[in-house]
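Look at the fold as a whole before turning to its parts.

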Amino acid sequence: VTEAVTTSIREYLFKSGYKISNDIPVWDLKEETISKDWGRILIGGNIDDLEVVCEKSFPVKTYQAKIKLTFVFANVSDKKIFYRASVENSNSLKDVSFSEELLEKQINAVLSDALEQMFSDPKMKKTIEEGAKIKK
């Protein structure tokens, strides 16, 4: 799931016109551990909650997924966190069959919806642009 979150964020930002580094540093979300060679903006986060449930009843199975993510944005040059945000989302699907593919589909759907919710916030782009400014 962590890789899916990282990949989804990278794809979203790339499609939005941002230049994305190929490096994916491991960061513990603390200002003092930010490395000066990690670009201009560092985005980290946590998967605070992820739950996927399949209720097997006859004749329809119900797949439910919920997720809570926390994002942390930091300006690398001054090693300062400038924005924190959390997002929660849930999704459900009914189907007559049971499969691991449907469980995976629910996880991907709830993750995609949560990221879209996070980055569609009108002040998000402005926050990223302001946070990227190098302080002198």
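The protein chain has three helices and three strands. Both kinds of element are DSSP runs, numbered from the N terminus: helices are H or I of at least four residues, strands are E of at least two. From the N terminus on, their order is α-β-β-β-α-α. This is a predicted model, in which local features need pLDDT of at least 70 and side-chain atom pairs count only at pLDDT 80 or more, while totals for chains, interfaces and linings use all residues. Residues are numbered from 1 along each chain as its sequence is written, and side-chain values use heavy atoms, with hydrogens and water left out.

Along the principal axes, the C-alpha atoms fill a box of roughly 65 × 30 × 25 Å. Of the 136 residues, 29% are buried. Buried means under 20% relative accessible area, exposed means over 50%, and partly exposed lies in between, with a 1.4 Å probe and protein chains only.

Now the sheet. Strands of a sheet pair through backbone hydrogen bonds, either parallel or antiparallel. Here three strands form an open sheet in the order 1-2-3, with antiparallel pairing. Strand 1 (41-56) and strand 3 (80-95) each have a single partner strand, so one side of each is left without a neighbour in the sheet. The twist averages 10° from one strand to the next. Two strands count as paired if DSSP finds at least two bridges between them; strand 1 and strand 2 (residues 61-75) share 15 bridges. Asp 49 stands opposite Lys 68 in strand 2.

Helices pack on this sheet. Helix 1 (residues 2-15) touches strand 1 and strand 2, where contact means heavy atoms within 4.5 Å. The direction of helix 1 makes about 125° with that of strand 1. Axes are lines fitted to C-alpha atoms, for helices over the stretch in contact, and angles run from 0 to 180 degrees between N-to-C directions. Helix 2 (residues 100-119) lies across strand 1, strand 2 and strand 3, at about 140° to strand 3. Ala 109 belongs to helix 2. Is Ala 109 buried or partly exposed? Ala 109 is partly exposed, because its relative accessible area is 22%.

Last, the lining of the largest pocket. Strand 1 gives the most to this lining, with seven residues.
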